[in-house]
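Here are a few exercises to work through with the model open beside you. Try each task before you read its solution.

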Amino acid sequence: ALADHPLVGHARCRGLLGALELVADKGSKRLFDPALGLPDRVGDAAWRNGIVFRCFGDGVLGFAPILTTTASEYDLLFDRLKRTLDEVLAQPEVRAALEG
């Protein structure tokens with residue numbers, strides 16, 4: 001559902017485990033410069049939006065929801081995750097990294 005988001009270079013899942021790889025350039029799959037601190041930016045925005053996940057390296061978000069998660073809870077997760085990515089995308093430093 002979020003594969004088309006400007007920050008998402010790759011979305012994958014196996015069973016209930018999921019991951020989003022955040023990239024500065026979708027075409028080349030260029031990662032963000034570690035100096036940008038993308039994991040902290042995403043983590044802070046996610047916390048404000050009421051979601052918690054694990055960030056691997058400099059831009060892979062990992063999800064492991066509980067086995068009893070309902071469809072409406074998944075909808076809520078994806079809504080909050082989209083809001084989180086949109087907030088990070090709106091940050092001037094992140095926008096500049098996408099352009100250059």
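The exercises below cover a sheet and then the cysteines.

This is a predicted model, where local features need pLDDT of at least 70, side-chain atom pairs count only at pLDDT 80 or more, and totals for chains, interfaces and linings use all residues. Residues are numbered from 1 along each chain as its sequence is written, and side-chain values use heavy atoms, with hydrogens and water left out.

**Exercise 1.** Work out in which order the strands form the sheet.

*Solution.* Start with the terms: strands are DSSP runs of E, at least two residues, numbered from the N terminus, and two of them pair if DSSP finds at least two bridges between them. Next, read off the order: β1-β2-β4-β3, an open sheet of four strands with antiparallel pairing. Then look at the edges, β1 (8-14) and β3 (54-56), each of which pairs on one side only.

**Exercise 2.** Find how many bridges join β3 to β4, and the partner of F56.

*Solution.* First, count: three bridges link β3 with β4 (residues 60-63), and the two run antiparallel. Now pick out F56: its bridge partner in β4 is V60.

**Exercise 3.** Is C13 buried or exposed?

*Solution.* Take the cut-offs: buried is under 20% relative accessible area, exposed over 50%, partly exposed in between (1.4 Å probe, protein chains only). C13 has 62%, so it's exposed. C55, with 28%, is partly exposed.
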